[in-house]
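Okay, thanks for coming, everyone.

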Amino acid sequence: RVREAVVSTQSTGVEKDVLRTDRASEFYKGEENPNVREMYEMLMTYCQYNFDLGYVQGMSDLISPLHTLFKDKQLTFWSFVGYMEKMELHFTMDQKRIQEKLSELSSLVYYCDSELYNHLEREDSSNFFFCFRWLLINFKREFKPVEVLELWEVLWTCPYNTDYSLFIATAMLLQQRDVIISRKMNFSDILRYINDLPSKMELQSILGQAEALFHQIRSQEDLPFNIRANILHLSDTPYSSLGAK
């Protein structure tokens with residue numbers, strides 16, 4: 001009975017989120033759209049499959065692009081299961097991994113652009129909570145649907161022993177740093193500005209800058225310990241011996 005009560009509660013949350021996920025897209029728009037029902041059924045199946053985690057808000061954003069791509073319920077579900085194996089720690093109740101990533105992002109921005117970081121600190125924004133959505137669902141709402149899949153492919157196939165999403169987020173922030181600083185934005189201003197950015201950012205430019213940042217930072221010999229050990233996971237092996245050009 002306890003399990004049934006939990007599933008019933010989960011059902012309400014899943015239905016609420018499914019009904020507002022990507023409804024403007026051709027694949028999901030319209031009343032009585034069977035694809036919307038399929039998304040609901042897959043997420044409810046996942047609740048049973050991973051009962052300890054269940055459904056958490058944001059998961060519908062992760063399954064939607066896969067569903068749109070594959071247009072097959074079984075293939076989408078198992079692809080989503082695989083994706084969630086990578087993303088599960090984002091959705092735990094204590095949000096420990098997301099908090100760690102925000103802290104790591106803070107370290108990267110401080111290292112790359114102390115002026116931007118100091119501005120954020122003055123405005124009580126150095127917790128980087130305005131980037132929470134970016135990291136929680138891997139930038140799904142920040143780009144056009146076809147670009148989201150391209151970005152995810154970059155993250156899935158990244159050959160480096162690091163969480164590459166941190167470099168994507170850093171590149172995105174650095175591209176907006178002049179606006180944030182010149183307008184003297186506080187936390188509320190930044191959050192509003194960030195939320196208005198979706199589909200306005202150039203993915204290829206961000207990918208290029210993120211890669212340049214990664215190689216530039218990784219090549220430095222005097223990196224702070226938290227970046228070297230916790231973000232890049234580097235040993236004491238010199239970068240020049242790791243295939244750097």
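The axes here are lines fitted to C-alpha atoms over the stretch in contact, and the angles run from 0 to 180 degrees between N-to-C directions. Helices are DSSP runs of H or I, at least four residues, and strands are runs of E, at least two, numbered from the N terminus.

This crossing of α2 and α3 is right-handed. For handedness, take the near helix: turned anticlockwise from the far one by less than a right angle is left-handed, clockwise is right-handed. On the α2 side the contact is made by Asn 35, Glu 38, Met 39, Met 42, Leu 43 and Tyr 46, and α3 brings Met 59, Ser 60, Ile 63, Ser 64 and His 67; contact means heavy atoms within 4.5 Å. By class that's 6 nonpolar, 4 polar and 1 charged residues. Nonpolar covers Ala, Val, Leu, Ile, Met, Phe, Trp, Tyr, Cys and Pro, charged is Asp, Glu, Lys and Arg, and the others, Gly among them, are polar.

Quick housekeeping: this is a predicted model, with pLDDT of at least 70 needed for local features and 80 or more for side-chain atom pairs, while totals for chains, interfaces and linings use all residues. Residues are numbered from 1 along each chain as its sequence is written, and side-chain values use heavy atoms, leaving out hydrogens and water.

Staying in α3, there's Thr 68. Is Thr 68 buried, partly exposed or exposed? Thr 68 is partly exposed, with a relative accessible area of 29%; buried is under 20%, exposed over 50%, and partly exposed in between, with a 1.4 Å probe and protein chains only. Setting aside neighbours within four places in sequence, Thr 68 contacts Phe 27 and Tyr 28.

Now to another helix pair. Helix α6 (residues 114–122) packs with helix α9 (residues 165–182) at about 55°, with the axes 10 Å apart. That makes α6 oblique to α9, and α6 passes α9 in a left-handed crossing. From α6 you've got Glu 115, Leu 116, His 119 and Leu 120, and they meet Leu 173, Leu 174, Arg 177, Ile 180 and Ile 181 in α9. The class count for this contact is 6 nonpolar, 1 polar and 2 charged residues.

Next, the loops. Most residues other than glycine have a negative phi. Phe 128, though, has a positive phi of about 60°, and this residue sits in the loop between α6 and α7. At 0% relative accessibility, Phe 128 counts as buried. Lys 184 also has a positive phi, near 50°, in the loop between α9 and α10, but Lys 184 is exposed at 63%.

Last one: Thr 162, in the loop between α8 and α9. Thr 162 is buried, at 15%. What does Thr 162 touch, not counting residues up to four places away in sequence? Phe 167, Phe 214, Ile 231, Leu 232 and His 233. A polar atom of the Thr 162 side chain also lies 2.6 Å from the backbone oxygen of Ile 231.

Conventions: Parallel < 35°, antiparallel > 145°, perpendicular 65-115°, else oblique. Polar contact = N/O pair within 3.5 Å; in protein donor to acceptor, adjacent residues only side chain to side chain.
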